[in-house]
Amino acid sequence: MAHIGYHVSHEQFKPSELLKYVQMAEQAGFTRALSSDHFHPWSEDQGQSGFAWSWLGAAMQATPTLSYRIVCAPGQRYHPAIIAQATATLAEMFSNRFWLTIGSGQALNEHITGEKWPCKSDRNARLKECADIMRALWSGETVTHKGKVCVEEAKLYTRPEIIPPIIGAAITPETAEWLGSWAEGLITISRPPEKLKTVVDAFRRGGGEGKPMILKVQLSYDRDEDSALQKAYQQWRNNIFKNTLMTQLQTPQQFDAAGMFVQPKELHEHVRISANLQQHIEWLQKDIELGFDELILHNVNREQQQFIEVFGEKVIPVLT
């Protein structure tokens, strides 16, 4: 059995709304929450971009039984020493309830620094440096490092008793295999089972056998199929492109321009669109069979209260 979580989409909702939604999710039986960490939304229609790290402290205090994760890209917009400090503070206050998940990021959020947006291989190298720096700081070392990121005599004086794991984010099998050698777990996104299996197999092959795996499940549930599709199309059509494009576009306006060419039927390969709860259950059961420990459900349309209530009553009890 897997833990079922609620995805906190800062791109789509105000922080005050999201605080209410995680409280509802906790009451409905969700046991995990995954926060996005964006500076810009994927589209003008989404229209939000609250600062996740401010929000997390309030949310974790307000929902004492939920464990939290965040998808973060240290190295450009964030210095790794600052993310190490932020993580240590949350982990000290809320022991064993916070995991850090890290990835190489998207230009959409990171280009705001005005620095060059590196190629994928350089972003990966920078990410690994950041992970090593954060682990050293959490262990109490004084860190000086000169590389793709620089640190000068940094030491964390407030550290948690339980050091949180670093979970690596991967879309492709190549990245997943690389993460298997050094990350303490994997987070990836849902896609057709045969494609998802290649990512899982690559992670295990690279050294991830036995490590926790988290799946962010992109779905759209509503009372009828047409509504579920149209509402997913309105909110999420900009988020179905290949990773090579997703990581390079720099503004919501550019994503909106690319999204103009997407047809509603194209979403089905990327978002699980159905009004049939049994269909959603069957999809999720296949994820569990692949070995995922946590399924974080992201209802990409705006009908969050309905989703939380219905899945809490009809879906979660079947899977846990």
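Reply: F94 counts as buried because its relative accessibility is 8%, where buried stands for under 20% relative accessible area, exposed for over 50% and partly exposed for values in between (1.4 Å probe, protein chains only). The model is a predicted one, in which local features need pLDDT of at least 70 and side-chain atom pairs count only at pLDDT 80 or more, whereas totals for chains, interfaces and linings use all residues. Residues are numbered from 1 along each chain as its sequence is written, and side-chain values use heavy atoms, with hydrogens and water left out.

F94 lies in the loop that joins α3 (80–93) to β4 (98–102); helices (H or I, at least four residues) and strands (E, at least two) are DSSP runs, numbered from the N terminus. Apart from neighbours within four places in sequence, F94 is in contact (heavy atoms within 4.5 Å) with G57, M60 and Q61. Between the C-alpha atoms of F94 and A84, which are 10 residues apart along the chain, the separation is 15 Å.

When residues up to four places away in sequence are not counted, T175 touches K120, N124, A169 and A170.

In α6 the buried residues are T175, A176, L179 and G180. Viewed down the helix axis, they fall within an arc of 140 degrees and so line one face of α6; the arc is that of the directions from the helix axis to the C-beta atoms. In general, an α-helix has 3.6 residues a turn, so residues three or four places apart point the same way. The cover over the buried residues of α6 includes α5 (120–138), β7 (166–169), β8 (186–189) and α7 (193–208).

As for the cysteines, the number of disulfides is zero, a disulfide being a pair of cysteine sulfur atoms within 2.5 Å. C72 takes part in none, since the nearest cysteine sulfur, that of C130, is 9.0 Å away. C72 is buried at 2% relative accessibility, whereas C150 is partly exposed at 45%. The sulfur of C150 is too far for a bond, because the closest cysteine sulfur, in C130, is 11 Å away.
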